[in-house]
Amino acid sequence: MQPPSSPPTSSESLLQRCHAIAGLSLGELAEMANIAIPANLQRHKGWPGMLIEKWLGASAGSKPQQDFPELGIELKTIPIDANFSPLETTYVCFAPLLMPPGITWETSNVRNKLQQVLWLPIEGDRAIPLAQRRVATGFYWRPNVHEDALLRSDWEELVEQISTGQVETITSRQGVALHIRPKAANGKVLTDALGQEGQRIKTRPRGFYLRKTFTHQILSNAFGG
């Protein structure tokens, strides 16, 4: 079996690609794709996601559009424990700290990324060597009315703080489903933001993340937990 050479042409063919790798280990997938396996994920945190993207034929990379822009589908790999509970929060996208005027929840990049998600759980228990961690069965998810309302409420509250110069007062404890926290390789990376007096300030880049409680409910609904 070889990784595909082109993006999938439909949501059905994408799901078929998912099902073809379900149950296989990251080591098996890496070997078939002729990709080196890192010893651990400390310096290669995004490696499992990049490997899965290769096997599914994702084309967007780190661009601010979905991983499968032609299909309007975002891929989210999620590390899970033996009980199918998520082991970490899920990164959605960078939080723009100089907000464009007129942006709304409907036109936001967060909503664009979460309109239709292909969730692909992967064994994430650190007791399991990286190469032996298996890929679970992928599934599609669209936010229902309740989930969309939760995400919208969190997004609007956080964005209001950003746009009124309160970015430095935002804590990771805010938000029921969605929260903001620093997103950078190290603390020395800085970006422009709006200060309390309307001036430009330098601060650490921030990212939007889905809480584990929120993604745990998504996984429970999908797998009947």
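User: Angles under 35 degrees count as roughly parallel, over 145 as roughly antiparallel, 65 to 115 as roughly perpendicular and the rest as oblique. How do helix 1 and helix 3 stand to each other?

Analyst: This is a predicted model, with local features needing pLDDT of at least 70, side-chain atom pairs pLDDT 80 or more, and totals for chains, interfaces and linings using all residues. Residues count from 1 along each chain as its sequence is written, and side-chain values use heavy atoms, without hydrogens or water. Helix 1 (residues 11–21) packs on helix 3 (residues 47–56) at about 120° (N-to-C directions, scale 0 to 180 degrees), with axes 9 Å apart. The two helices are therefore oblique.

User: Which residues of helix 3 meet helix 1?

Analyst: Contact means heavy atoms within 4.5 Å. Helix 1 brings L14, R17, C18 and I21. Their partners in helix 3 are I52, W55 and L56.

User: Over how many bridges do strand 1 and strand 3 pair?

Analyst: L75 stands opposite L118 in strand 3. Strand 3 covers residues 117–123. The pairing with strand 1 is parallel, over 7 bridges.

User: Is E197 buried or exposed?

Analyst: E197 lies in the loop between strand 6 (191–194) and strand 7 (200–203). Its relative accessible area is 70%. Under 20% is buried, over 50% exposed, in between partly exposed (1.4 Å probe, protein chains only). E197 is therefore exposed.

Key:
Two strands pair if DSSP finds at least two bridges between them. Helices (H or I, at least four residues) and strands (E, at least two) are DSSP runs, numbered from the N terminus.
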